[in-house]
Amino acid sequence: MSTEPGSAGAALTAALRADIDRLLAAEPEVRADAQDSVHQMRVATRRLRSVLRSCKRLLDADAANRVRTELAWLAGILGVARDAEVRAARFAGLLDRYAEKDCAASGPTRERLVRAERDRYAAAHGAILEALDSTRYRAVREELRNWRDNPPLRTSVSGSAAPGVFDAVLRADRKRVRRLVRAEPTAAPADRVEMLHDIRKSAKRLRYSCEAAEAVLGDFAADLGGRAKHLQTVLGDHRDAVESYDALRAHAAAAHAAGEDIHLYEMLADAEDTAAGRCLARYPAAAAAIDKA
């Protein structure tokens with residue numbers, strides 16, 4: 001394995017070390033349930049997993065696949081709590097904006113929407129603590145600590161000059177985004193939301209590989225990564241609005257079955273439908289920017 005200065009192996013080791021440190025630093029914050037800590041650990045986990053996927057040519061396949069599997073497990077557990085946290089904050093914001101203070105329906109609606117999601121978060125945070133105390137997590141944490149200075153690099157590739165290797169990584173990740181963007185107009189209406197979600201995930205992967213390559217490729221990686229982040233953000237906002245709309249419609253159905261007034265639910269759902277439309281209006285320009293030289 002090669003970690004000679006200027007080699008692809010040295011550059012990847014530095015990028016992995018930064019991501020591993022982010023993940024490990026988040027753990028005590030999550031245990032203490034500090035504000036935004038679950039989000040930060042989830043991002044660190046996803047970011048590391050994404051870089052391992054993009055840079056798989058540089059790594060021993062078995063070791064990388066094993067760690068990616070464990071990171072997917074951890075991200076899934078963190079995601080349950082994070083999704084509940086996001087929905088609670090989003091619903092609270094919608095109610096503060098649209099519900100009249102003296103509206104008789106606002107109390108029951110807030111209870112059904114916000115309190116329920118906060119309860120889900122509390123239960124999910126308990127599951128996170130169980131995972132962090134598990135043998136499974138301790139094993140992957142120890143392996144990642146070893147990777148900080150000695151990742152399982154493939155000698156045949158890691159000794160190559162870093163600019164050429166990372167340029168190829170970025171080209172492959174960018175090509176994936178472009179392919180999905182060009183296929184999106186042909187998707188059936190029922191499949192479009194999931195196609196846009198796939199584009200978002202591919203943009204996020206490109207963003208993370210650009211950030212890992214920034215020390216090597218400089219402004220080119222920084223600029224492309226910024227455009228990928230913008231596309232990811234636009235489609236992430238769209239996804240959040242769509243999922244909130246769906247959840248509100250489901251809550252409205254449950255409230256109706258319980259004999260409650262659903263006018264406020266419908267108002268909030270309409271607001272989210274409008275928000276989703278605004279995000280879609282920003283999508284074409286954000287997608288086109290990925291093709292910019």
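**View 1. The chain is built from ten helices and zero strands.** Helices here are DSSP runs of H or I with at least four residues, strands are runs of E with at least two, and both are numbered from the N terminus. Keep in mind that this is a predicted model, where local features need pLDDT of at least 70, side-chain atom pairs count only at pLDDT 80 or more, and totals for chains, interfaces and linings use all residues. Residues are numbered from 1 along each chain as its sequence is written, and side-chain values use heavy atoms, with hydrogens and water left out. Going along the sequence, you'll read α-α-α-α-α-α-α-α-α-α.

**View 2. Here's R42, a residue of helix α2.** That helix covers residues 37-54.

**View 3. Who does R42 touch?** Leaving aside residues up to four places away in sequence, R42 touches A75, L78, G79, R82 and D83. A contact means heavy atoms within 4.5 Å.

**View 4. Now for the chain as a whole.** Its C-alpha atoms fill a box of roughly 70 × 45 × 30 Å along the principal axes. Of the 293 residues, 46% are buried. Take the contacts between residues at least 6 apart in sequence: 81% of them join residues at least 24 apart.

**View 5. The chain carries 48 positive and 44 negative side chains.** Lys and Arg count as positive, Asp and Glu as negative, while His and the chain ends are not counted. With each charge placed at NZ of Lys, CZ of Arg, CG of Asp or CD of Glu, the centres of the two sets lie 5 Å apart.

How values were computed. Buried means under 20% relative accessible area, exposed over 50%, partly exposed in between (1.4 Å probe, protein chains only).
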